[in-house]
Amino acid sequence: MSDDQLIRVVLCDDHAMVRAGLRALLAGAGGIEVIGEAATGQEAINLAAALRPDVVLMDLQLGDGMDGVEAIRRIRAAAEPPRVLVLTTYDTDADITRSIAAGATGYLLKAESADELYAAIRAAAAGRTALSAPVADRMMAQLRAPRPALTDRERDILEQLAQGVGNREIARRLFISEATVKTHLGRIYEKLGVDTRAGAVAVAKEQRLLS
């Protein structure tokens, strides 16, 4: 993309006021045009296919239904996909890892300045990685200190989680107490950098930890 080419952007955020604020903010940026808005992941997928933007600005939490990570994955699966730049308030290791694995070009926090947002959009449109400083710091920390590997028992429990099995049934199937299951879950969450069962399963799938 040449320096003087207009960058066409689709916004995806489930809050109308946030989208309006972003549209107004980007109106002041030379060379960037908002060509569409989506309130859900499916709407973002449809607009990306129909409008063929250069960049989709994607929030991660989109209310009920498909989340931003799944929307990123589906958008990037297209034949000639746009770049996707995450713009969110969430900066957990799991959110960052899942977004990048799904195909996001960059990950920006909503606390960043307007100039940083403009620069990130231009970088994403050019195919360059754009990361907020706190996000880059977290990624570097992960590389320097990899999480401990899961034990065989923790993998067993993770497999059960992926099947949607509750704690009591996991305990019955693995011949352990329910308290022991909860202890293992706490360790799994810590190692994967998550705090929910759904988050653990999502990260496990992204990192190919499930058989």
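The side chains of E154 and K191 meet in a salt bridge, with 2.8 Å from N to O. In this predicted model, the pair joins distant parts of the chain: E154 belongs to helix α7 and K191 to helix α9 (residues 178-192), 37 residues apart. E154 is buried, at a relative accessible area of 2%. K191 is buried as well, with a relative accessible area of 15%. Both residues count as buried because their values fall under the 20% cut-off.

An α-helix has 3.6 residues a turn, so residues three or four places apart point the same way. The closest N and O atoms of D156 and R153 are 3.7 Å apart. D156 is partly exposed, with a relative accessible area of 33%, and R153 is partly exposed at 29%.

A further pair is formed by E37 and R23, whose closest N and O atoms are 2.6 Å apart. This pair links strand β2 (residues 32-38), which holds E37, to helix α1 (residues 16-27), which holds R23, across 14 residues of chain. E37 is partly exposed, with a relative accessible area of 31%, and R23 is partly exposed, with 34%.

| Salt bridge | Closest N and O atoms | Relative accessible area |
|---|---|---|
| D156 and R153 | 3.7 Å | D156 33%, R153 29% |
| E37 and R23 | 2.6 Å | E37 31%, R23 34% |

The count of salt bridges comes to 13. D13, D59 and K110 are linked in a network of such bridges.

**Nonpolar cores**

The largest nonpolar core has 22 residues, of which V56, M58, I72, I75 and Y107 touch the most other members. At least two residues of this core come from each of β1 (7-12), α2 (41-51), β3 (55-58), α3 (68-76), β4 (83-88), α4 and β5 (106-109). The most is given by α3, with four residues. Another core, of 21 residues, lies apart from it and includes V9, L11, I32 and L108.

Helix α4 is mostly covered, with seven of its 10 residues buried. These are D93, A94, D95, I96, R98, S99 and A102. Just after α4, G103 takes a positive phi of about 120°.

The largest pocket has a volume of about 330 Å³. It is lined by 16 residues, and Q61, D95, R98, T196 and G199 are the closest to its centre. D95 and R98 are also among the buried residues of α4. Helices α4 (93-102) and α10 (197-206) each supply at least two lining residues. By class, the lining has seven nonpolar, five polar and four charged residues.

Which domains contribute to the lining of the largest pocket? Domain 1 (7-143) and domain 2 (152-207) each provide at least three of the lining residues.

Note on methods: Residues are numbered from 1 along each chain as its sequence is written. This is a predicted model: local features need pLDDT of at least 70, side-chain atom pairs count only at pLDDT 80 or more; totals for chains, interfaces and linings use all residues. Side-chain values use heavy atoms; hydrogens and water are left out. On a 1 Å grid over the protein atoms alone, a cavity is a set of points where a 1.4 Å probe fits but cannot get out, and a pocket is an open set with protein on both sides within 12 Å along at least five of seven lines; lining residues have an atom within 4 Å of a point. Grid points are joined across faces, edges and corners, and a volume is the space filled by probe spheres set on the points. Ala, Val, Leu, Ile, Met, Phe, Trp, Tyr, Cys and Pro count as nonpolar, Asp, Glu, Lys and Arg as charged, and the others, Gly among them, as polar. Domain bounds come from an automatic or database domain assignment. A nonpolar core is a set of buried Ala, Val, Leu, Ile, Met, Phe, Trp, Tyr and Cys residues joined through side-chain atoms within 4.5 Å. Buried means under 20% relative accessible area, exposed over 50%, partly exposed in between (1.4 Å probe, protein chains only). A salt bridge is a side-chain nitrogen of Lys or Arg within 4 Å of a carboxyl oxygen of Asp or Glu.
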